[in-house]
Amino acid sequence: MRWMAAAAAFVVVLLLQAPGAAAAAGLDPVGPDYGDAIVVGSIGDASNLIPMLASDATSHEIAGYIYPGLVKYDKDLNLVGELAKGWEISEDGLTITFHLRKGVRWEDGEEFTSADVLYGFETITDPKTPTAYAGDFLEVKKAEAPDRYTFRVTYKEPFAPALSSWSNVVVLPSHLLKGKEITKSPLARHPVGIGPFRLKEWKSQERIVLEANPGYYDGRPYLDRYVMRIIPDPATMFLELKSGGLDWMGLSPIQYSRQTDTRFFKENFKKYKYLSFSYTYLGYNLRSPLFKDKRVRQAISYAIDKEEIIRGVLLGYGVAATGPYKPDAWYYNPHVRRYPYDPERARELLEEAGWVDRDGDGWLDKDGRRFSFTIITNQGNSLRANTAQIIQYRLKQVGIEVKIRPIEWTAFINDFIDKRRFEAVILGWTLGQDPDLFDIWHSSKTGEKQLNFIGYSNPEVDRLLVEGRHTFAREKRKRIYGRIQEILAEEQPYTFLYVPMALPVIHRRFRGIEPAPAGISYNLIRWWVPKAEQRYIMP
Amino acid sequence: MGFLLFLAKRLLVLIPTFIGITLISFVVMHLAPGEPMTIQADFNPKMTPEMRERLRAQYGLDKPLMVQYATWLKGLVRLDLGRSFSADRRPVWDKIKERLPVTILINLLSMGLIFAVAIPLGVRSAVKRGSAFDHMSTVLVFVGYAAPSFWVALLLMLLFGVKLGWLPISGLHSMMGYGEMAGWEKALDWARHLVLPVLVSSIGGLAGLSRYMRSSMLEVLRQDYITTARAKGLPEKKVIYRHALRNALLPVITILGLSVPALIGGSVIFESIFAIPGIGQLMWKSVMARDYPVLMGNLVIVSVLTLLGNLLADIGYALADPRIRAQGEEGG
């Protein structure tokens, strides 16, 4: 899950259902009151509140409230300006000019200017800065700040994911950092921000308390405080929720469906659900002779009942995946080849590929060798382990023997994935809002430690991936990525399994929660609690 | 004079022992698969190979293992444990220091509880050997020993925290309104939060000590001088608590001495369950993240305490028993 966390910083979840209740809350005739606090549970502590230095989800979540970006995704997943009022992209697609908001002030009263962004850019591209996010910025040929409120970047070649990269990882108070070593800066634990909240208190492994920033340019949040409690054990966190110690936590499918039907829950909490920006897959090592033949991979996809996995593993809280995107993204292509559960079709395809049960022992064989392979997955993820077992059961029915081997994460990556010592693997990807898939599917990314570890290579996909990166026009990009999805669906280098849902519960007293394609937390600063229901009164 | 020589020798032996411990740990730690970068960077699409190498160089992981060890040892001589490899890059000592008080507090309390319960329990079981009480207490302490602590913890939380609502479930003190509490209210708040963690961490320890106490007491009760005491007509209470218990306690005190290093050792299980920011969680996180400096830092503290504890025990024996001192002088 750790690598998921790394990418999760740029991930927004999308809401599918439960819009009715929240819309009603928005109609409250009294109007928003200020005050109260929301207490949120988190499994992990933050590590560093300078966004470019952190790679865990909690740090980015907290830092996201303290440092806004130049741009952000709005509730419908469109890029809009935040600290930048607007921007222009030059005709050739090489230059982006940002116009910054005037009069925005850091907590300490200094004005936010283009110098801060330039400093952030110079720091993130400095070889001495230990950051995982430099990649996108190394594509920049030139960055300049022509005046206090203008910031301009020129790329080596048109790079469509560029715009969204100007998020909060490059916004830092240069007047406090310039000329100092960023890794030793006190800002890591005592940030001086510019966002809707500011840090009040941080006790390691205990809690992080944010308070409303009265000087926030877009108006202070209605809530006085945002409190994150660090509770490493999910069972404890659930008990805390039940005893009233938490207002908001994400539940597992079993907690969500079986343990929230009590009267106490219905009186105190509202349940939400939405598709997360991630999917789980069964990936084949395409270097293995077993999986070289497309028909074998297609057959396995037909032999697996995805709906059964969703019912059994996610208790129904998920949808079948057909490709590397989730079904409600604008670049999702629904018209691709699908693989409904069809064991007969699977047997036919396997027979075409030469796999027949010649010796009558119940297993398919070819050239005297039984069709048998091992699925590896990371230890400690019960969803994946259960998925593997269901697949094992279904493949046995078509005569394929599957062994399952869960492996501790670091050994899993170092000794098996990186060394390509695997036959099939169950893993998941977390994806950002941009459809770019270059790192996972381009044939140049099959080297050691690179992410195309299954060894997929298709010249047309390669060409389309590069074209997609060079194209800004949304319709054209949609066509490009639509074609990629068709090819992947036909070739089945992965059997795409499912897109799980996020399942949060939030205390009823909070109003203004408006589910949207971007999820629920995008408008946290506009959540409020009527005076009469406020629970935590701040001095 | 002889004693000072003995002490000097003992101290000198400690140095190579200590270096041996750190060297072996350092090597073994690096044998585990994965590096700090594996955790931070693998599977992150934004991470390029150049950046990975850059990070390795920054951590000094590109140098041979022995050079890394020498660098670390040089820092240690200046009492510098280095900086953490995690994203915060904080000095190792700062990270350990902020966790120590709460770990020591909980360990002291639970050790106190274990001794306060196990000793009377052991004595009574020994005195009433074969009685219903003896059997019952035996069964109970072993049930406590065998039950997984996380399970016991969850059951207690469910009962006292959710169903009855008497005690808080996790954390060290209340989240809200703590700052406005008076001193005694704060103490009460802490006490309420500590009841369950201390209870749970003690339950497993009862079995060992109470059994030990029981057998030690039985041993003493068989001695001639107890028979003598009884024969001269002393009341049974006096025989047991004045004559027998004192002698039976001696080996138990040795156990107390040996528990000193355990005082700073945290338990990841109950710390995670009760969301307590102690040493155990820090170490667990560091192991998972391959945060070598923090691991080595903790190891140094634990091994120094262990070595000192052993030394103190040796000195204690030597003072009490000249034969051991004599052996020491002969080079043993």
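Trainee: What should I know before I start?
Mentor: This is a predicted model, in which local features need pLDDT of at least 70, side-chain atom pairs count only at pLDDT 80 or more, and totals for chains, interfaces and linings use all residues. Residues are numbered from 1 along each chain as its sequence is written, chains are lettered from A and ligands numbered from 1 in the order in which they are written, and side-chain values use heavy atoms, with hydrogens and water left out.

Trainee: How many polar contacts and salt bridges cross the interface?
Mentor: Six residue pairs are in polar contact across the interface of chain B and chain A, both residues at pLDDT 80 or more. A polar contact is a pair of N or O atoms within 3.5 Å; within protein, one must be able to donate a hydrogen and the other to accept it, and residues adjacent in sequence count only if both atoms are side-chain atoms. The rule finds zero salt bridges there, a salt bridge being a side-chain nitrogen of Lys or Arg within 4 Å of a carboxyl oxygen of Asp or Glu.

Trainee: Switching to Arg207(A): is this residue buried or exposed?
Mentor: Arg207(A) is buried, at 5% relative accessibility; buried means under 20% relative accessible area, exposed over 50%, and partly exposed in between (1.4 Å probe, protein chains only). Arg207(A) sits in strand β10 (residues 207–212) of chain A.

Trainee: What is in contact with Arg207(A)?
Mentor: Leaving aside neighbours within four places in sequence, the contacts of Arg207(A) include Trp202(A), Met228(A), His173(B) and Met175(B).

Trainee: What about Ile208(A)?
Mentor: Ile208(A) also lies in strand β10 of chain A and is buried, with a relative accessible area of 0%. The C-alpha atoms of Ile208(A) and Tyr226(A) are separated by 8.3 Å, although the two are 18 residues apart along the chain.

Trainee: How many residues of helix α10 of chain A are buried?
Mentor: Eight of the 10 residues of α10(A) (residues 294–303) are buried, among them Arg297(A) and Tyr302(A). The elements that cover them include α13 (382–397) and β22 (494–502) of chain A.

Trainee: What caps the N-terminal end of α10(A)?
Mentor: Asp293(A) does, with a side-chain oxygen 2.8 Å from the backbone nitrogen of Arg295(A).

Trainee: Last topic: where is Leu79(B)?
Mentor: Leu79(B) is in the loop between α4 (65–77) and α5 of chain B, and its phi is near 60°, a positive value. Most residues other than glycine have a negative phi. Leu79(B) is exposed, with a relative accessible area of 76%.

Technical notes. Helix = DSSP H or I, 4+ residues; strand = E, 2+ residues; numbered from the N terminus. Contact = heavy atoms within 4.5 Å.
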